[in-house]
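Dear colleague,

I am handing over the structure shown below, and after it I set out what was found. Please keep it open beside this email while you read.

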Number of protein chains: 4
Amino acid sequence: MSMDEFLKYKEEIVRLRRDFHMHPELGFEEQRTSKIVEEYLKELGIKTKRMATTGVVGYLDNGENVTIALRADMDALPIQEENDVPYKSRYPGKMHACGHDAHTAMLLVAAKILSQRKLKGNVRFLFQPAEEGLNGAKRMIDDGALKGVDKIIGLHVWAELPSKVIAISPGPIMASVDHFKIIIRGKGGHGASPHQTNDPILCASSLITSLQSIVSRNISPLESAVVTVGKISGGTAFNIIPENVEMEGTVRTFSEEVRSLIERRLGEIVKHHSLALGCRGELIYKKLNSATVNDEELAQIGKEVASKITRVVEQKKTMGGEDFSEYARIIPGLFVYLGIRNEEKGIIYPHHNPRFNIDEDALPYGTAFEVLITEKLLNS
Amino acid sequence: MSMDEFLKYKEEIVRLRRDFHMHPELGFEEQRTSKIVEEYLKELGIKTKRMATTGVVGYLDNGENVTIALRADMDALPIQEENDVPYKSRYPGKMHACGHDAHTAMLLVAAKILSQRKLKGNVRFLFQPAEEGLNGAKRMIDDGALKGVDKIIGLHVWAELPSKVIAISPGPIMASVDHFKIIIRGKGGHGASPHQTNDPILCASSLITSLQSIVSRNISPLESAVVTVGKISGGTAFNIIPENVEMEGTVRTFSEEVRSLIERRLGEIVKHHSLALGCRGELIYKKLNSATVNDEELAQIGKEVASKITRVVEQKKTMGGEDFSEYARIIPGLFVYLGIRNEEKGIIYPHHNPRFNIDEDALPYGTAFEVLITEKLLNS
Amino acid sequence: MSMDEFLKYKEEIVRLRRDFHMHPELGFEEQRTSKIVEEYLKELGIKTKRMATTGVVGYLDNGENVTIALRADMDALPIQEENDVPYKSRYPGKMHACGHDAHTAMLLVAAKILSQRKLKGNVRFLFQPAEEGLNGAKRMIDDGALKGVDKIIGLHVWAELPSKVIAISPGPIMASVDHFKIIIRGKGGHGASPHQTNDPILCASSLITSLQSIVSRNISPLESAVVTVGKISGGTAFNIIPENVEMEGTVRTFSEEVRSLIERRLGEIVKHHSLALGCRGELIYKKLNSATVNDEELAQIGKEVASKITRVVEQKKTMGGEDFSEYARIIPGLFVYLGIRNEEKGIIYPHHNPRFNIDEDALPYGTAFEVLITEKLLNS
Amino acid sequence: MSMDEFLKYKEEIVRLRRDFHMHPELGFEEQRTSKIVEEYLKELGIKTKRMATTGVVGYLDNGENVTIALRADMDALPIQEENDVPYKSRYPGKMHACGHDAHTAMLLVAAKILSQRKLKGNVRFLFQPAEEGLNGAKRMIDDGALKGVDKIIGLHVWAELPSKVIAISPGPIMASVDHFKIIIRGKGGHGASPHQTNDPILCASSLITSLQSIVSRNISPLESAVVTVGKISGGTAFNIIPENVEMEGTVRTFSEEVRSLIERRLGEIVKHHSLALGCRGELIYKKLNSATVNDEELAQIGKEVASKITRVVEQKKTMGGEDFSEYARIIPGLFVYLGIRNEEKGIIYPHHNPRFNIDEDALPYGTAFEVLITEKLLNS
């Protein structure tokens, strides 16, 4: 199919996207969205199955041995939209400010087109809930979404790229995301008698200072890593030394080796800084997402496919996270970026901003990419 | 008067004390207490005046030029009493857990006795509200409580001293109490992109670590000083670097010179640690109480007077604070301690403890001391 | 020319290399080496000029407008050789442990070959002294070595690569190298009276701890940077607080923007940490080498040329430095790596190791690359 | 004896003092001094014994059971005298800049006088070497100097006190002096590859910062303590992370409890800060002198005796050390201070200063005190 043919679907994609945009639903609450998805797929003759509460999986099966999955996420954000558009969010305090409305719309139309094509293999459509910090991907996998799937493709609209440009890179492109909590247990007492206490606020301070050494000294300068403490809280009164201080933070990196190293070093620093100051430290470390790592071969194929319909550039890595990584850990995956920035139209705001918007002219290119790479992978 | 004569007043003192104990009132809410005090003094023929809202000042004037003030504080604490005694607090969540009930009772009876004695000078009775952290003393002074007063005597029951023992020392005995708040203003942002932020949590940590150097390096080891951060709070999520961090703490010392030095050093450290890490630091420093410093001569006289009725010991300094300091900054003052500990009776709990209690056998010694030192100061 | 033709020169390259290897000379002391280079070039009819004391520049001019430079470094290291080979270093405590002997030999033979070829441009041969930490490149440039040169090619034998493999990457490949010195001036005094001093040892400690935040918080996790304090020294006696503490360290990075940021942050931290603790801090920051950045186009051409004679791989960046960067800052430059590791022959030791050696079978590939890329650049 | 009688000895004391002053000898090198002392005592009929190499002990025995010791120290300092006086030091680079010349002279004359008095007890004269940092006192005790002694008196001329004034206080007056050495063993390596090392310089910095918490948090604000790191040294080059860092410092306090606490806390901080940063820390803690603590009763007697001949004041504690503490740990001891400051004569320089001098008019008061307290202790 030529790009011209895909452009004919623009109206439908936009109509779907605007409908989702007006009715944004938070993670695991995508009731309306998933119902529309389900019905749309059924009308195409595609069998569907519910997964992860509000997720929908479509099965376009041709009795072949090869299966390619295409994934879209459906959840919105707890943000009050500030755009003044006819299709503005109807739900106060909720907004599709990350483009998942477009992801769902593009993939539905890709399903329609693919259902009409002759394919030498099966296609699996993953309409996933709860990408924003809730790891809906993991839930989909637990419910069997990847069963029998060979490769998976994901696509994200991207506000930093000019409209219609597609960005693809092999290897790591989004960081792993971990959460940690540190509890320092000291001994409280009167602020005027520090010698009768073990001051957990001083201990926490010393510890945070020392955590900087993980990135500055323990990680190769050629690797990327972040250790951030985002929250600290301890004490109730100016003149009382508290019993405990709690901290929460995040770790980001692209390599499992570095990730393990950081977890180990965090543990050592928490333990020994606490003991040095007469306290006991506890580290609760929770891995959220892995790094999103594109398969080398898929990336190469993706570039070739995309370059037939638009300009293709390298995608720069970011320390942000994406739960597409959960799929790509298990089977070869490719996560590509579709530019939707258009300065002439004033579409310049970053993701998660109340003024985030999408140049809808780009959307047929997303659908086209999904269709074409599927055909390429199944038919060549 | 001999001690035997004072002991005859024990029953009255105890009755008054128990009544106050059953009806504890917090700072500036001493409505019932002050009304009782007022009426008691009026019956003695002592003129009274309201000051500091719920404070009462009694004037026993003999037309002389010399005036000695005796001070008692009247406020209770927001503590739920756990003693099982007939005179247990009737007011839930409030308790005389620092002995101010006894202070008021002892001084009322001292006023009765003094009103019957021939004195070559005037006596001023200061029944002060709100000693516990609200600096009622300052309000009394502002309202004129010290006008025309030459010297002032205060007395505190003390759980660390054996019953009936009186402790007196010249010079500094209780520390100055200051409150400080530090606000670190950085630049917030995503926890995965620390380079786009100025991390106020790291800045606060570095700063708290550095604050230790004030006591360890800037203050003479022969002086006493405390700099405590009792509270720290910053951030709302594990993956967001916040804009601000706030800390609160207290400074204690005995010398105005050291106090000024600490305030200056705090300011320097807050300013420059913040600038070193790209933040702006703000220090809000508030002096609460000065150190309580006993007049040398009064202490000597106090020891002589007390040794006629009981055992006298030296009082050890504490870093705790007392707003009696406000009076003693202006005129010569003496603050003495009356032992009320009695292990046999199970009276062993510290001040501000829900089981704090008083060996009432000691109370006549407090009244006796107040009467005798007043006579000594006016008549000899 | 085919690789077979180049292989005929192997004996000559090896002979030259072994001669240089037996007579290693330290930076700016390359008297014997440079004399041999000079005579060799003169015999080829190539005009020479002395630069940077012991450097030699050869001019193969054809009266054309285009000039390509080829650079070899000539200096050895102050290391005692531990290899047991017939051509072992004759000079005690000196050794060609970084392969500069091979660089010189390969380039001499490349000059011989190029002097016999028909070229549509000029070739400049840069035999540079003092690459090891003395920045001989800068001295060569100051003496005019790059005058009229359009592009420059450098080649380094590399112990981490299998023999004969050539590694080439576009963009930054070796880090910039800076030196810094920090002097903390406090106020000395008796160790028993810290309050009469401003302790520079505590100040330096606090500062080094805070320096970690540059890499951990101020630099993008997607950039590479190192800030190392390698030396600290202060004080003469256990019981005397000294006047001063001195530190020395190094900064490494690939980007001028990051480099400037680090220099600025170092200055801010030194200044404000010192002021926070009553000291004065001084930062003396000296840029040694810039990052070595390969020209994109030259890298592409290099890959093509090399792939005709051997296997070509990507070169991984290192935080080590190389003064070839001085040339490549001014004109487009390409720095390539020639594998010389051969485990079967026991050639496995890293650079600067007393057992470092070279698989001499690889050397004709270096000469071939130098000849072929020159021809490619001048004749196509 | 009246003060007038003592004043007759002034000339002799001054003559002796000036002779010692002209011939200063460092610790354990007091050959000339001890020979003069020995001969002087022998002429008085006082038996002598050598101890601690250059120490001299005189025995004025009356066959009684009670023995009082009087102690003087004899060593000078490695300082070049800058006073322009006829009796200026004859030995370049050596000077009696702490008054030990006067101590020896005063005690010799006291011995003369006491040898002529009728005493109901024995007197032991301790002429001790090496007080300045070498703990000659310990050596004297090891050699038996205190055998059979009941009480000991020491006297120090004092530049901060006006001439002739005697200062005496009960309890602790000079601090204990301890020496510590900390070795941090990390893992060295190239400054560009911190992740392959365990940086001992960062570890030492973090540790020194944390040491501040001992004084600021672990010691009661009512106690006195100093923890000073006076020396730090690590690393040989700006671009190499060293294997080790070494630190040396001192601890001062007045209480054995606090001293033990500090030693323990030092150990904990050294151990755990090292482990937190991947290093191993070693603490070598050496107790030099104990605190000098005056016996309460002796202090009272001393005040009474001194007040008969001069003005007596309280002596302020100092964090400086004195090995007289070694004697006073074992038997009741009293260490008193004799003022020798005289601004009119320009005698204003502190101890250990090249312009330190003594108002010799004060010296007979020292002799008088030594004689009178001995008589008081033996005869009353």
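**Sheet, helices and symmetry**

Helix H4 (residues 100-114) of chain D lies across S2, strand S3 (67-73), S4 and S5 of chain D, and runs at about 150° to S3(D). Helices (H or I, at least four residues) and strands (E, at least two) are DSSP runs numbered from the N terminus, while axes are lines fitted to C-alpha atoms, for helices over the stretch in contact, with angles running from 0 to 180 degrees between N-to-C directions.

This is a predicted model, in which local features need pLDDT of at least 70 and side-chain atom pairs count only at pLDDT 80 or more, whereas totals for chains, interfaces and linings use all residues. Residues are numbered from 1 along each chain as its sequence is written, and chains are lettered from A and ligands numbered from 1 in the order in which they are written.

The strands of chain D form an open sheet of 8 strands in the order S1-S2-S4-S3-S5-S16-S6-S15, with mixed pairing; two strands pair if DSSP finds at least two bridges between them. At the edges are strand S1 (47-51) and strand S15 (312-313) of chain D, each pairing on one side only. Helix H3 (residues 31-43) of chain D packs on this sheet and touches S1, strand S2 (55-60) and strand S4 (122-128) of chain D, where contact means C-beta atoms, placed from the backbone, within 7 Å.

Chain A is superposed on chain B by a rotation of 180° with 0.1 Å of shift along its axis (RMSD 0.1 Å), using least squares on the C-alpha atoms of residues with pLDDT of at least 70 in both. That is the relation of a two-fold axis.

Best wishes

Definitions and conventions. Two residues are in contact if their C-beta atoms, placed from the backbone, lie within 7 Å.
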